[in-house]
Amino acid sequence: MTMTRRAALMAALAGSLMIGAPAGAQDGPLKIGAVNPYSGPFAQYGDETTRGYELAAKQVNAQGGVLGRQVEIVRGSATTAQEGLSVVEQLVGRDKVDALIGTYISSISNSASETALNYGKLYWETNALAMSLTERALPNYARSGPSAVTFAERSVQGVTELLSKVVGKAPGEMKVWLEHEDSAYGTSIAEAQKELLEEAGVSVQIGAHSFKAIDLTDSILRAKADAPDVWINTGYVIDTNLLLRTAQEQGFTPPVMMTVGTGDTSETLEALGQDYLEGVLVVSYPRADISETYGPGSDAFLDLYRSEYNRDPIAPQGMNAYFGAMLLFEAIEAAGSTEFEAVMTAAKAIDRPEGSSLTGYGVMFDDTMQNVRALPVIAQWQGGQMKAVFPTSAVADGVALVNLPRQ
Amino acid sequence: MLDVLNILTVGVLLGGIYAIVAVGLNLIFGVIRVVNFAQGEFVTFGLYGAYAAQIATGMDPYLAPLIVVPVLFVLGAVIYIVILRPLQNDPMMQVFATFGILMVSQNAILALTGGVAYSVQSAFIGMSVSLGPIQIGLSRVIVLAVATLVTAAVALYLRHTRNGKAIRAVAQDRTAARLMGIRVETVYTLTFGIGAALAGLAGCLLSPLYTMTPQIGMNFILPAFAVVVLGGLGSVLGAFVGGFVVGLTEALAGFYLDPALKHAVIFIVFIAVLVVRPSGLFGVAGAEEVGLRDQN
């Protein structure tokens, strides 16, 4: 659905009439509403994402803030799409935020951003992946981080450029099994992977499952019967863990196992153990361990995070969110206001090559306001830790592929 | 042929999981006539109980039932006395109350864990036994064996002990049982406690298989309801056999049709059985009606 500029302005006007003018707001802090799940099954990741915003705010505040105002991150918890709607009403109406940022879950981003438009507020997306979010072309919506398609592209690059050497076959001789959970998230990534792999001549089989299923032996047996060179799964934590555990029980040992989006946290390490995971690949947001050449500033982020929370990041979502928040602050500063049209124009004017930020992302927004230079990396479990292994420029000194083909 | 044998094995093992979850659910339904939505939460308590026992004492999850089962029995009995007994004259309100228990427990676990998923450690995790070319996960074999033993034990208890006979008498006719001198309230409390304890046992035994999240009980309870209705309302043997019917159906549909469709197939079979035989495979005709009949 594409909304015309006139309709957007009408919606913005209606929104401002509904909530009244934010009198005196210019004098106080610049308030950014952070929409994420802070309770429920995804609370851990919602928290980690918002920690990235809070670190960015702390950083920019130490340098004088944005538009001469200190930045304040105001948390608004949403665990469902419906709550995404009400939390924006609360953040705008009660907390008088100037703009909104989020989101760990795509469906929440969808409803929250539409509500933000009704109130004439910018919705700056850092983490949600679904392609449909930017395809809506909402005039108040931009995404600074990767999309589902870039996750698919990176995994396919990994297969054709890295793993074909590992298994000693040309892409045209390779067999890949694409397993995915059957909601929009897993399905959209798997379909994009299938299309790209088939373009490269790779033979592809695909299997879907519910992430709530209590048995996934059938999925593993189907994949085992196909004897793929590479097995790739896009899912959530609980189904990814169950699939890997079932593969272990069933003696399913493809030369390469790769997960997309999850499988890179302590929750998977605790479930499967360091020995079994050794060599498993994960397509994920860039982590703080990427080389300083690929992601200049990643070491400094790690230091900042450790000094603030006295531990290492629990997931890579935080650094991705930090990048997005810093880019938002830059765009607001350049725009001279938080009006979404001005911020969009300012963001579109930024042009930076890949490898120019701590995540390795560049900046180039397309017509749908998707940053097309935000790309995930492929990391590998090595000795109980994740290490970036692809693209080559992201690999830190002394890191090389291990246990591939898997033994 | 190998595929068929393999998938049948998978189905039987999965049936063991369903059976052990459904036995307690069916006992509570058969005796107290409450559709207990909180039964999945008792399984969840078993899972987290095994985790807590391991963190506190380093105990293997297969030994955790020694602690978790008595605790769940007491918890079940207390929940019945405090929440369900005051509502016994209003069966619909009892059902809503169990749903309330479900929501409270899920959110309490969320608050305690912050949504972090946990896993237990056991020497048996990842181990498998080979029957010719067929690989079987040892953890699942243990579940199947215990499900069989527990079903037999519960059936023997109901048939041969004084309390078991009292439970059966109350299940058949509450009023007549009361007239015969049976303390119906005590029987209900005992039954709810046993049902919760069985779910706790199931949770402990399933803990090495799954990554725990606060919502995991919901994943078990929906198929468990199908098992109970298929096997026969109120029949312990029915819950056991129904577990295998659902397990085999799911495994065959998942392998030969599509894993994404397997739950749809289960519920098609579920509806078909309801249409052809409303009392389920082992249920007593009219049992489903008894659940709605005023017994006071």
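Hi everyone. Two housekeeping points before we look around. This is a predicted model, where local features need pLDDT of at least 70 and side-chain atom pairs count only at pLDDT 80 or more, while totals for chains, interfaces and linings use all residues. Residues are numbered from 1 along each chain as its sequence is written, with chains lettered from A and ligands numbered from 1 in the order in which they are written.

Let's start in chain B. Helices here are DSSP runs of H or I with at least four residues, strands are runs of E with at least two, and both are numbered from the N terminus. Which residues of α5(B) meet α10(B)? They are B:T151, B:V154, B:A155 and B:L158, and they meet B:V236, B:L237 and B:F240. For the classes, Ala, Val, Leu, Ile, Met, Phe, Trp, Tyr, Cys and Pro count as nonpolar, Asp, Glu, Lys and Arg as charged, and the others, Gly among them, as polar.

The axes of α5 (residues 138–160) and α10 (residues 236–257) of chain B come within 9 Å and cross at roughly 165°. That makes α5(B) roughly antiparallel to α10(B), a label for angles over 145 degrees. Axes are lines fitted to C-alpha atoms, for helices over the stretch in contact, and angles run from 0 to 180 degrees between N-to-C directions.

Now, where do the two chains touch? The contact takes 30 residues from chain B and 32 residues from chain A. On the chain B side, α1 (2–32), β2 (134–137), α9 (216–231) and α10 each supply at least two residues. Of these, α1(B) gives the most, with five residues. That side of chain B has 14 nonpolar, 14 polar and two charged residues.

Over to chain A, and its sheet. Five strands form an open sheet in the order β2-β1-β3-β4-β5, with parallel pairing; two strands pair if DSSP finds at least two bridges between them. β2 (71–77) and β5 (141–143) of chain A stand at the edges, each with a single partner strand, so one side of each has no neighbour in the sheet. The twist averages 25° from one strand to the next. β1 (residues 30–36) and β2 of chain A pair over seven bridges, and A:G33 stands opposite A:V74 in β2(A). Finally, helix α3 (residues 81–93) of chain A lies across β1, β2 and β3 (99–102), running at about 145° to β2(A).

Key:
Angles under 35 degrees count as roughly parallel, over 145 as roughly antiparallel, 65 to 115 as roughly perpendicular and the rest as oblique. Two residues are in contact if their C-beta atoms, placed from the backbone, lie within 7 Å.
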